[in-house]
Amino acid sequence: MSPPVAPPGWSRWLVPPAALSVHLSIGQAYAWSVFKPPLESALGLSGTQSALPFQLGIVMLGLSAAFGGTLVERNGPRWAMTVALVCFSSGFLLSALGAATEQYWLIVLGCGFVGGIGLGIGYISPVSTLIKWFPDRPGMATGIAIMGFGGGALIASPWSAQMLESFGSDSSGIALAFLVHGLSYAVFMLLGVLLVRVPRTERPVGDGPSAVDGPQVSARNAVRTPQFWCLWIVLCMNVTAGIGILEKAAPMITDFFANTSTPVSVSAAAGFVALLSAANMAGRIGWSSTSDLIGRKNIYRVYLGVGALMYALIALAGDSSKPLFILCALVILSFYGGGFATIPAYLKDLFGTYQVGAIHGRLLTAWSTAGVLGPLIVNWIADRQEAAGKDGSSLYTMSLFIMIGLLAVGFVANELVRPVDPRHHIPAPAQKEKEAADVQRQQ
Amino acid sequence: MSSDSNSTPPGRRGLIAFAWVWVGVPLAYGLYELVRKATQLFTG
């Protein structure tokens, strides 16, 4: 399948909404918790069992992004978005069948395995194309798409809850909700499939920079460079630090101020979690766009350095100031989102656009690792501190200092990033072949 | 070199507007619900 080439006069501003239609859809994965209580009561499941489709989905996201990246580069964004649409929607349809027949394994297979493949392929599908269309502002372009992944949960969470309220929380109501999700997301994602195009030229913005300026490195060579592994550590540490707060946000703010004259209520804690989601989303577009102005290495210095400072402030201030706690947590979460959104542009700076989508896919294994590491550290330490008779903010003090240490490791890894050795660049004949193929495409 | 972005035909402007509304409306709904929930931090 050859990638769809833009006809003359095609606007690059059609590509971000194409990317958003996919990312806003697959971001639904983070709203899975809405389905957990109804599934538990309708099918008699435990909390661990009802979390299985989400966990398998995230594992499949990492695996399909890592192993499917080269296929995405070869077949182009339309192929990738079609695969994402088919997998993500059919995952819901399989789950609908599973709920209707009360066969839980079908829900795990549908939303977990099949839908998870859609998540991974969909996540990386527009990255390389956006960078090629916006060589002058790659951070902003990928920031828009990756912001959509955060936005997907904001849309799905109230929407799915309202649907379950209307259809009922028994197995037939859940089945109907899954069916509507599958069909609606298929229609919504179709816009991306229909609109996405690769640029006709390597210079889509007139006299602006070319998409193939600078070194070009294949995905196979990229994973053999220290730069790839430095960025892997940077992403892993930044995400671990963010997830550490995100995963325990509600109990954390409640515990922190439990011994003060103004404890935090359950509904206020829910509001805090929502505010963190907003900071996460704003960071994706805001910080990633800022990286176009101040450079990728500098923005990661901010994420990791100022992030560590924010954690230190939380740890040192303890329960003395609620506004300071909230402000620091918001900044940390904005850096968490920014770290996700800026990484494709950082990869483009180091490895070029040649196979940046495939390299990004391989790097996302850092996300999967952090997804396990972050919650593990915070939960394990909080449990140990509680067992030791501690309470309030002291439950989290050690976790906070560990997060500072992790961010320091990420900071050092970022400092070690240097331009890629020319021996890893693709040889000139391969570059010429690629240029010839591009010219042929335009004719 | 042709500039794909600099010379957008009028017909495409409608398509651009449609595409952004397509993704913008659900996102606005999600943001509205988020703001409604976030205000609980100050009122709850």
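Helix H1(A) has 12 residues, which at 1.5 Å a residue should span 16 Å; the expected span is 1.5 Å times one less than the number of residues. Its end C-alpha atoms lie 17 Å apart, in agreement. Helices here are DSSP runs (H or I, at least four residues), numbered from the N terminus. The model is predicted: local features need pLDDT of at least 70, side-chain atom pairs count only at pLDDT 80 or more, and totals for chains, interfaces and linings use all residues. Residues are numbered from 1 along each chain as its sequence is written, and chains are lettered from A in the order in which they are written.

H1(A) is largely enclosed by the rest of the structure, because 12 of its 12 residues are buried. Buried means that 20 or more other C-beta atoms, placed from the backbone, lie within 10 Å of the residue's own. Among the buried residues are A:Val15, A:Pro16, A:Val22, A:His23 and A:Ile26. The cover over H1(A) includes helices H4 (77-101), H5 (104-124), H6 (127-133), H7 and H8 of chain A. Helix H1 (10-38) of chain B is also part of that cover.

The contact between the chains takes 35 residues from chain A and 29 residues from chain B. Two residues are in contact if their C-beta atoms, placed from the backbone, lie within 7 Å. On chain A, H1 (15-26), H7 (138-167), H8 (171-195) and H12 (266-294) each supply at least two residues to the side touching chain B. H12(A) gives the most, with nine residues. By type, this side of chain A divides into 22 nonpolar, 10 polar and three charged residues. Nonpolar covers Ala, Val, Leu, Ile, Met, Phe, Trp, Tyr, Cys and Pro; charged covers Asp, Glu, Lys and Arg; the others, Gly among them, are polar.

The largest nonpolar core holds 150 residues. Such a core is a set of buried Ala, Val, Leu, Ile, Met, Phe, Trp, Tyr and Cys residues joined through C-beta atoms within 7 Å. A:Ala84, A:Leu235 and A:Ile332 touch the most other members. Helix H14 (residues 322-351) of chain A gives the most to this core, with 16 residues. Domain 1 (12-195) and domain 2 (219-424) of chain A both contribute, so the core lies between them. The domain bounds come from an automatic or database assignment.

Beyond four places in sequence, A:Ala84 contacts A:Val22, A:Ile26, A:Gly118, A:Ile121, A:Gly122, A:Ser125 and A:Met189. A:Ile117 sits in helix H5 of chain A. A:Ile117 counts as buried because it has 24 C-beta neighbours inside 10 Å. Outside four places in sequence, A:Ile117 contacts A:Met60, A:Ser64 and A:Cys87.
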